[in-house]
Amino acid sequence: MDKFMEFLKNNTAVVAVAAGIVLFIAMNGITSCVAKGGGNDAPADAQEQLEQKSEQPSHKGDAADSKTELTERQRSAIRDYDQATTQIVEQIENSKWAANDGSGSMTIKDGIITESYGESKDSVKKTKKQVQTFAITAVDTIAGDQTGALSWEVFSVIDASGNDHIMTLSRVDPAALTGEGNDTYFELKCDMFHNENGYSNNRSAESAKFNGIEGDNFKKAIDGRTKEFKRSVIEYLLANHSTTTELTWDGTVIENFNESTRTLTFGIKNATNAAEDSLPSILVIYHTDTHEFEEVDVQ
């Protein structure tokens with residue numbers, strides 16, 4: 001990301017792109033919300049769509065079991081998607097989004113945004129969810145620099161209350177940007193999101209490697225439910241440490257049979273600390289009856 005910021009500072013073409021985004025926002029009087037991506041043409045009636053207003057009731061949910069329904073205006077906007085907008089939506093919905101700061105994850109499906117993140121209370125971190133609906137009302141394509149390293153799709157979107165936002169999907173090609181052979185990735189940002197730092201379309205924790213949990217002692221400690229344990233660990237990591245690549249159990253477990261809990265410590269490796277000699281640790285309380293986790297703040 002440092003290379004990315006240095007690139008922006010030194011590349012006048014990208015500065016011009018940023019100016020284009022500001023102009024887009026200013027012309028349409030929309031609450032700012034940035035997301036990066038793609039390369040499709042904007043629909044011809046984008047300006048007309050941007051000027052539409054609505055007073056639909058809010059259906060924003062903050063709990064894991066929130067029930068959300070799209071408003072009539074949102075459904076109408078979705079029915080009017082042209083091919084370019086539909087392709088953008090498919091890109092967003094088919095991506096697995098992880099917070100850029102590693103603190104959560106997001107899924108988008110059928111106009112519903114679901115964010116998972118950790119929330120601390122009394123030194124214990126639990127998994128929380130924010131669920132809300134959206135629809136795209138206009139798309140503007142902003143070309144990147146001549147190398148093709150960067151390009152943007154800027155959307156006008158409406159939430160369940162009828163408020164307008166700007167969402168930006170950006171495509172970043174590290175090979176074109178720095179000469180390194182990394183895969184192209186997308187970033188998505190919007191002020192609707194709980195995570196203001198935005199998301200990238202990689203969720204390392206989904207395929208995290210587990211070390212030290214195949215032994216008989218560990219299986220006994222979690223009542224032999226290794227598959228359920230792994231599944232719940234991954235769900236927890238996606239909400240709290242989404243860039244995790246590897247977990248290593250330190251070999252100890254504290255069992256509390258009265259409360260059906262096990263306290264375990266793991267060394268945790270992610271994209272930013274993979275080269276370090278010693279790994280930071282996380283202390284988690286695992287509920288064997290519900291397969292839920294709590295993280296204990298040991299600092």
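Analyst: Buried means under 20% relative accessible area, exposed means over 50%, and partly exposed lies in between. This is a predicted model. By that cut-off D164 is buried, because its relative accessible area is 8%.

D164 has a charged partner. Its side chain meets that of R73 in a salt bridge, at 3.9 Å from N to O. D164 sits in strand β6 (residues 164-172) and R73 in helix α4, so the pair ties together parts that are 91 residues apart in sequence. R73 is buried too, because its relative accessibility is 10%.

Now stay on helix α4. R75 makes a salt bridge with E72, and the closest N and O atoms are 3.1 Å apart. Both residues lie in this helix, which covers residues 72-79. They are 3 residues apart, about one turn of the helix. R75 counts as partly exposed, because its relative accessibility is 35%. E72 is also partly exposed, at 39%. The pair belongs to a network: salt bridges link E72, R75 and R79.

Next, a pair away from this helix. E206 forms a salt bridge with K96, with 3.2 Å between the closest N and O atoms. This pair links distant parts of the chain, 110 residues apart. E206 is in the loop between β8 (199-200) and β9 (209-211). K96 is in the loop between α5 (83-94) and β1 (97-99). E206 is partly exposed, at 30% relative accessibility. K96 is partly exposed as well, with a relative accessible area of 46%.

How many salt bridges are there? The count comes to 10.

Now the wider fold. The protein has 8 helices and 13 strands. Of its 299 residues, 47% count as buried. Take the contacts with a separation of 6 or more: residues 24 or more positions apart account for 59% of them. The protein exposes about 15300 Å², and carbon and sulfur atoms supply 46% of that area.

Two loop residues deserve a check of the backbone. Most residues other than glycine have a negative phi. D223 has a positive phi, near 60°. This residue lies in the loop between α7 (216-221) and α8 (226-240). D223 is partly exposed, because its relative accessible area is 46%. H291 is not a glycine, yet its phi is positive, about 60°. H291 lies in the loop between β12 (281-287) and β13 (292-296).

Methods. Residues are numbered from 1 along each chain as its sequence is written. This is a predicted model: local features need pLDDT of at least 70, side-chain atom pairs count only at pLDDT 80 or more; totals for chains, interfaces and linings use all residues. Side-chain values use heavy atoms; hydrogens and water are left out. Helices (H or I, at least four residues) and strands (E, at least two) are DSSP runs, numbered from the N terminus. Buried means under 20% relative accessible area, exposed over 50%, partly exposed in between (1.4 Å probe, protein chains only). Contact means heavy atoms within 4.5 Å. Accessible areas come from the Shrake-Rupley method with a 1.4 Å probe; for residues, only the protein chains shown count as cover. A salt bridge is a side-chain nitrogen of Lys or Arg within 4 Å of a carboxyl oxygen of Asp or Glu.
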